[in-house]
Amino acid sequence: MVNTTKLVIQGRALPFVNTDVVPLGYKTSVEDTFTIAIDEVDGKMTNQTIYLEDKKTGVIHDLRSSDYTFKSASGTFTDRFVLKYANKTLGTGDFENTQDGILISVKNKVINIISSKENIKEITIFDITGKTLYNKTKVSNTELQIQNLPSSNQVLLVKVTLDNDFTTTRKIIFQ
């Protein structure tokens, strides 16, 4: 999409800037499960991270690490997805601590955890007193979405352990 114009193939102006955001529209005549994937990259995009933001679910997915699968009703959708080249959204404050390739975001009481380097082995969430609110072992995926966490608005600690046994703990504001 460029403004309201629907395009099939779209070029971007040079020079490339990683703050560029590309709206991605789609049309389907069936209600089904679909996959968005990168077939091939070249030139400056060879080493560039490419994120797909699903505005319906709030998920930001690294397309370089794996394909993105989603469910859709039939119809034309011009504002569900955007392509990004940086994993931050300026001015929203939704994202916390992206060092070590781990991204943790909170939006509408849904916690999204994404690891861009390694599969996630285990997730544990504690309240500020140290009480365990959530624990999941054997995640074996680069992403995990946690919904319906029995917690009120507060600061939580999210402990993430990767398959290579790297462990980090991050503070999030759950609201």
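Two strands count as paired if DSSP finds at least two bridges between them. In this predicted model, strands β8 and β9 go well past that cut-off: they are joined by six bridges, in the antiparallel sense. β8 covers residues 102–107. β9 covers residues 110–115.

The two strands make a hairpin, with two residues between them. N108 sits in the turn and has a positive phi of about 55°. Along the pairing, V106 faces I111 of β9. β8 is largely enclosed by the rest of the structure, because five of its six residues are buried. Buried here means under 20% relative accessible area.

## The four-stranded sheet

An open sheet is built from four strands, in the order β1-β6-β3-β4. Its pairing is antiparallel. The edges are β1 (21–28) and β4 (59–62), and each of them pairs on one side only. From one strand to the next, the twist averages 30°.

Strands of a sheet pair through backbone hydrogen bonds.

## A nonpolar surface patch

Which residues form a nonpolar patch on the surface? They are I128, V155 and I173. Together they have about 270 Å² of accessible area.

V155 belongs to strand β13, residues 154–162. Its relative accessibility is 33%, so V155 counts as partly exposed. That class lies between the buried limit of 20% and the exposed limit of 50%.

Notes. Residues numbered from 1 in each chain as written. Predicted model: local features only at pLDDT ≥ 70, side-chain atom pairs only at ≥ 80, totals over all residues. Heavy atoms only, no water. Patch = residues over 30% accessible without salt bridge, like charges linked within 9 Å, V, L, I, M, F, W, Y side chains within 5 Å. Areas by Shrake-Rupley, 256 points an atom, 1.4 Å probe, with all protein chains shown as cover. Salt bridge = Lys/Arg side-chain N within 4 Å of Asp/Glu carboxyl O. Buried < 20%, exposed > 50% of the residue type's maximum accessible area, 1.4 Å probe, protein only. Axes fitted to C-alpha atoms, helices over the stretch in contact; angles between N-to-C directions.
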